[in-house]
Amino acid sequence: MTAHSLDPRAPWVLSTHDLGRRPGSMRRLNLTLPAPADLAVGMIGVPKDADVELDIRLEAVMEGVLVTGTARAPLSGECSRCLEPLASRTEVDFQELYFYSAEAVFPGGGAGGEDDLFLDGELLDLEPVFRDAVVLALPLSPVCEDDCPGLCVECGIRLAEAGPDHRHEKIDSRWATLQGLELDNEDDQEG
């Protein structure tokens, strides 16, 4: 009996027992799983334990099990321009082949590539595939609105709330020391 490193009770671990190893056999799954931790880039991500809706097709092929699916998950973060909180949703598609074993794919003792995924007995871990698909789809600079004007560089107020007449008097730093200087009126000296 082989030892398994995957926990069959883990939410992202799926059993392929029903497929057997008959190429062409297929199974569809509709699941809602808790989002894994640390699924974010920069200013946006999927909150830990948020509901992730999955539509998955498991298909037995000669080399292993082909997993094709779509995942929908909520996003939360902050706008990269105005720093206001934002919430949205993402939908990502993924497809991955989980090999039965390195020997079945690479006869003669080849170990396969470092990115190749293998079944652990009849179990597969979907989390790394989902994680890769979501992280690649996340925006590096999320915005609350496509035309978000951001923050005022002088005072930090949100420009969307400041109004069109929001301005700051700009004084050249070379003349700043003269700002409080009052000059005598020349008309008074002529008389």
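Is T70 buried or exposed in this structure?

1. T70, which sits in strand β6 (residues 64–78), is buried, because its relative accessibility is 17%, where buried means under 20% relative accessible area, exposed over 50% and partly exposed in between (1.4 Å probe, protein chains only). Strands (E, at least two residues) and helices (H or I, at least four) are DSSP runs numbered from the N terminus.

2. This is a predicted model, in which local features need pLDDT of at least 70 and side-chain atom pairs count only at pLDDT 80 or more, while totals for chains, interfaces and linings use all residues. Residues are numbered from 1 along each chain as its sequence is written, and side-chain values use heavy atoms, with hydrogens and water left out.

3. The side chain of T70 makes a polar contact of 2.8 Å with the side chain of D93; such a contact is a pair of N or O atoms within 3.5 Å, and within protein one must be able to donate a hydrogen and the other to accept it, residues adjacent in sequence counting only if both atoms are side-chain atoms. Leaving aside neighbours within four places in sequence, the residues in contact with T70 (heavy atoms within 4.5 Å) include E53, D55 and F94.

4. A search of the whole structure finds 9 salt bridges, each being a side-chain nitrogen of Lys or Arg within 4 Å of a carboxyl oxygen of Asp or Glu. R72 forms one with E53, the closest N and O atoms being 3.5 Å apart; since R72 lies in strand β6 and E53 in strand β5, the pair ties together parts that are 19 residues apart in sequence. R57 forms another with E59, at 3.6 Å between the closest N and O atoms, and salt bridges that share partners join E53, D55, R72 and R89 into one network.

5. D120, in the loop between β8 (117–118) and β9 (123–125), is buried yet has no salt bridge, and R21, the nearest side chain of opposite charge, is 10 Å away (Lys and Arg count as positive, Asp and Glu as negative; His and the chain ends are not counted). A polar atom of the D120 side chain does, however, lie 2.7 Å from the backbone nitrogen of S5.

6. The structure holds 0 disulfides, a disulfide being a pair of cysteine sulfur atoms within 2.5 Å. The closest cysteine sulfur to that of C79 is in C82, at 3.7 Å, which is too far for a bond, and C79 is buried at 0% relative accessibility.
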